[in-house]
Amino acid sequence: MTRQWKDRTVLVTGGSSGLGAAVVAAVAKAGGRPYVLDRRAPAAGVPWVECDLADTRAAEAATRQIAEQAGGLTGVVTAAGMDVPGRLADVDGVTWDRIVAINLLGTAAVVRAALPELERTHGTVVTVASTLGVKAVGDATAYCAAKFGVVGFTRSLAAELAGRVGVTLLIPGGMRTAFFDDRDEKYKPGPDAILNDPADTAEAVMFALSQPPGCAVRELVVCAEQESSYP
């Protein structure tokens, strides 16, 4: 038996675009109430708080603000992420640190701040890693470091919160989103690249969020069948 969505409240980081926006749309369609943390406004009518997730203390405060506004949280999805590919020697330190901060430290900060509410409701956390969190490639040291960190963080969190909060690690492959738009051409997917629809990946998130207390979907790998980044 899966959870009913009426009165369920889900905080989505990075909910204004890409996978985050797809999760927001799926939660709303199911009858739940999505809330967003992002630097940009989400779809019209979706309540949100503006936040730079690289500022971890601000991320914690914004999470508590949304929890109060929502009257509690039953789910958190940490979909926010960024990358600037390049050789380690060519990526400046500020950019490298920011990639790790948003992808890893921001994830931990939001989950930390949401825990009191999630424990009260026996809710579910879905963290978003990447296939590059289990298989490293060159010119992605910051992103791989951060996403490998999300994998380790989530596995440890699942052990720590067992019986109190559901914890799911999502490992998605490349998706057809704006994630690649600002990259140098050599780091963009080629015209023949096979990428997933973020709405399909969002359905996997919904499956994890829908499990009843006591039933945990520990890890999900969701990618295009012919994607080369996994395994």
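In the predicted model, helix α4 comprises 21 residues, 141–161, and spans 30 Å between its first and last C-alpha atoms, close to the 30 Å expected at 1.5 Å a residue. The buried residues of this helix are Ala142, Tyr143, Cys144, Ala146, Lys147, Val150, Val151, Thr154, Leu157, Ala158 and Leu161, and the elements covering them include α3 (93–121), β5 and β6. Just after α4, glycine 163 adopts a positive phi of about 90°.

Helix α5, formed by the twelve residues 198–209, extends 16 Å from its first C-alpha to its last, which is likewise close to the 16 Å expected at 1.5 Å a residue. At the start of α5, a side-chain oxygen of aspartate 197 comes to within 2.9 Å of the backbone nitrogen of alanine 199. Buried positions in α5 are Pro198, Thr201, Ala202, Ala204, Val205, Met206, Ala208 and Leu209, and these residues pack against β1 (9–13), α1 (18–30), β4 (75–78), β5 (124–128), β6 (166–172) and β7 (219–222).

Valine 76 lies in strand β4 and is buried, with a relative accessible area of 0%. With residues up to four places away in sequence again excluded, valine 76 touches Val10, Leu11, Val110, Ala114, Leu118, Thr124, Val125 and Val126. The C-alpha atoms of valine 76 and valine 36, which are 40 residues apart along the chain, are separated by 9.9 Å.

Helix α3 also packs with helix α2 (residues 56–70), at an angle of about 35° and with the two axes 8 Å apart, and the crossing of α2 past α3 is right-handed. On the α2 side the contact is made by Thr56, Arg57, Ala59, Glu60, Thr63, Arg64 and Ala67, whereas α3 contributes Leu105, Gly106, Ala109, Val110, Arg112, Ala113, Ala114 and Glu117. Classified by residue type, this contact of α2 with α3 contains seven nonpolar, three polar and five charged residues. Val110 and Ala114, which belong to the α3 side of that contact, are also among the residues touched by valine 76.

Note on methods: Residues numbered from 1 in each chain as written. Predicted model: local features only at pLDDT ≥ 70, side-chain atom pairs only at ≥ 80, totals over all residues. Heavy atoms only, no water. Helix = DSSP H or I, 4+ residues; strand = E, 2+ residues; numbered from the N terminus. Expected span 1.5 Å × (residues − 1). Buried < 20%, exposed > 50% of the residue type's maximum accessible area, 1.4 Å probe, protein only. Contact = heavy atoms within 4.5 Å. Polar contact = N/O pair within 3.5 Å; in protein donor to acceptor, adjacent residues only side chain to side chain. Axes fitted to C-alpha atoms, helices over the stretch in contact; angles between N-to-C directions. Left-handed = near helix turned anticlockwise from the far one by under 90°. Nonpolar A, V, L, I, M, F, W, Y, C, P; charged D, E, K, R; others polar.
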